[in-house]
Amino acid sequence: MHRHLYLLPIVVAICAAFALVDEVDGEYLIGVGSYDMTGPAAGVNMMGYANMDQSTAGIHFRLRARTFIVAESSQGARFAFVNLDAGMASQLVTIKVLERLKTRFGDLYTQENLAISGTHTHAGPAGYLQYVVYSITSLGDVVNAGINRSPSAYLFNPPEERAKYTSNIDTTMTLLKFLDSASNRSIGAFSWFATHGTSMSRDNKLISGDNKGAAARFFEDWFSFSNSSISARITKFSTTHDISTLTKRAKKVKATGGKPCGKTTSQGSKVRKNDGTRFVGAFCQSNVGDVSPNVLGAFCTDTGKSCDFNHSSCNGNDQLCVGRGPGYPDEILSTKIIGERQFEKAVELFSSATNLLSGKIDYRHTYINFTNLEVQLNESTVVKTCPAALGPGFAAGTTDGPGMFGFQQGDTEVCTRQLASTCRAMTCYPGLLINEFWKKLRDLLKEPSKYQVDCQQPKPVLLSTGEMFEPYAWAVRPSFLTKCQRAPAILPIQMLRLGNLVILSVPGGLLFLNRSLHLFWGKFYKFTTMAGRRLREAVKETLISNGNGEFDDETHVVIAGLTNTYSQYVATFEEYKQQRYEAASTLYGPHTLSAYIQEFTKLAKAMATGEKRAGTGLLPPDLSSVQISLLQDPLGDSPPPGKRFGDMERDVARPKGGGSFKKGDKPNATFWSANPRYDLLIEGTFAVVEMLQGERWIPVFDDDDFSLFFKWNVDNSGLYGLATIEWEVPEVAASGVYRLRHFGSSKKTKDSPNEYYTGASSAFTVS
């Protein structure tokens, strides 16, 4: 039903940003774009925590695709960078987006100059306008927005290297500000900072952009509403009536009942209408591998004590060790706080940015087969990467989201016994690392070869994904290779240059195991802190030493993680020894980071010298024709007898005594509602808070606001859908008369047309 909708917001945002105006000497041409990419709000498994019980059941706030295009001139070099809320990139998304762009622009955008950072499987189209601008960068440290979740592994790095840094995480935020030189008006800002999107827990079922999506929402609202706060859009509707008069008036306003409406009616109730003039603010990911937003640390849920330092477990049980965010135990508050800390730093950098970017726009891109790649460590030492594999530490999970029972981070003891067949090996794990249940399941899927076991050491091989091909390749591409052969892993790496700012597009995220088995679903991964530092330093050194003065110490290199495809984590060689989660998820063996550094420095040298490198002849596969989906479209909905969609199942319950709600209260109402998957209401809304002004109801909050929650489920009979709208009255809300409104769509049968409906609750007052 929504199989390719996730492509549309990317394509249209790029198309809109493409509409460049006349060239201005000495300045870049920039286009910015943004569009709603919120996916199905009911019954779809959520990406990230490998929790098969975590399926969508509503919206916390909407997800967006945000894009910028930069060009030297209308005919000159250019590149496009897309940041997708709360997700990761995928090769299939990139392939399909490029196919659609080619039909519109020919060869103007290719895999060479398009970077897509992050993904969401279902979304919708639209776009934004662009401006002639110049660009400004600014750097600053974000305080207390991240903590190293594998500190024991970080300590495996050389002491002299660690001594170069004041922290075991990167605290620097890089911000790129876009300014319309004709009007001197800011049109957007993109920033890069490393912290995981795991403020929302593995038990959350509401679609959310997590802390980075929250930061973007706060930033865009700060700029759009008079550079102050969202109160600017509320106070203009404030009333002079006393609260008793308002309460009497509210009691006269009853629920409307369900009524038909149009497909785009909800768009008219959006608070932030995407009319092509809105500021675009994106908070992009960086080398986030070992950085958690749960800054209070990790504690045992049974004792309340700190978890074991080396294994992040509690008496050997990884499932009891859970990180705490700054708003603990309230994950919504934690999301808000970490988002605010990034937002506040971005505002500071945005307001003080003075470093005007100038210089070439350039890019380099190549595909690399990371399986058995030769890596030159020094003049006399050549090593190889391995076929992709995951270790038991991967199954143990992290303090952000504990994993499966029977596993633990940081265990490396392994004994290997070869069996009769050349292709068979058995790995035994002392202690609790792998029991007979997990061993049998592993061997049922694919018993690792001896070559794989030896190559991946000291990682014990739990899942030899690079040797698994049924029903299609679990690593990267399908193949009908013999049992002993290893699947190739073709990954893109990319460099983008905007003057003295260089962006390294590194593969991130993973949808790794086949969907029919639902194992370890939807992990997404990145460079650890020290791995990212080494990569940045190597690239910068290469640019300076080969650039004939074009690059210098003022050149700034930033890592854009989760970009263009997926390849799990990348840990340093030293961190790999302990086999914490990030090391166990470093697919291609102990020399994975060295391989990345080797190949990126080749690109850096080519960029510095102006060399246009020949293609490798490698291309990623398009697996869309062989993918398996077990999610069926809804078959048709009906309300209970005598009811209409949009009718009240439970109206707003006024405070005791019939008074008004206060700031922080949570008025809520439940409506009879069809499955929200019939129409995602892209650039629309399922939920609205309306405020009475004279005789008109004005939308003041919608499901893209942090304070409004849209929740969908079925009733106790399991036959009828219910939508609950909950509003946590924010401090900025003015005194007045309010009500809650729901929008939705339904189908009588799977093949019947959509019918759109709306309904509003009775009124209530806020004082």
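**Notes on the predicted model**

1. In strand S30, Trp727 is the bridge partner of Leu708. The two strands concerned, S29 (residues 708-714) and S30 (residues 721-727), pair in the antiparallel sense over seven bridges; pairing requires at least two DSSP bridges between two strands. Strands (E, at least two residues) and helices (H or I, at least four) are DSSP runs, numbered from the N terminus.

2. The model is predicted: local features need pLDDT of at least 70, side-chain atom pairs count only at pLDDT 80 or more, and totals for chains, interfaces and linings use all residues. Residues are numbered from 1 along each chain as its sequence is written, and side-chain values use heavy atoms, with hydrogens and water left out.

3. S29 and S30 belong to an open sheet of six strands in the order S2-S3-S29-S30-S26-S25, with antiparallel pairing. Its edge strands, S2 (42-45) and S25 (648-650), each pair on one side only. On average, neighbouring strands of this sheet are turned by 35° against each other, direction ignored (axes are lines fitted to C-alpha atoms, for helices over the stretch in contact; angles run from 0 to 180 degrees between N-to-C directions).

4. The protein has 15 helices and 33 strands. Of its 767 residues, 61% are buried, where buried means under 20% relative accessible area, exposed over 50%, and partly exposed in between (1.4 Å probe, protein chains only).

5. Three disulfides are found in a search of the whole structure, a disulfide being a pair of cysteine sulfur atoms within 2.5 Å. Cys300 and Cys314 form one of them, with sulfur atoms 2.1 Å apart; at -100° about the S-S bond, this link is left-handed. Cys300 lies in strand S14 (residues 297-300) and Cys314 in the loop between S14 and strand S15 (321-324).

6. Another disulfide joins Cys307 to Cys321, S to S 2.2 Å. Its torsion about the S-S bond is about 115°, so the disulfide is right-handed. Both Cys307 and Cys321 are buried.

7. Cys386 is joined to Cys455 by a disulfide, S to S 2.0 Å; the torsion about the S-S bond is about -90°, so this disulfide is left-handed. The pair links distant parts of the chain, 69 residues apart. Cys386 has a relative accessible area of 0%, while Cys455 counts as buried at 17%.

8. In helix H10 (residues 436-445), the buried residues are Trp438, Lys439 and Arg442. Seen down the axis of H10, they fall within an arc of 100°, so they line one face of the helix; the arc is that of the directions from the helix axis to the C-beta atoms. Lys440 and Leu444, on the other side of H10, are exposed.
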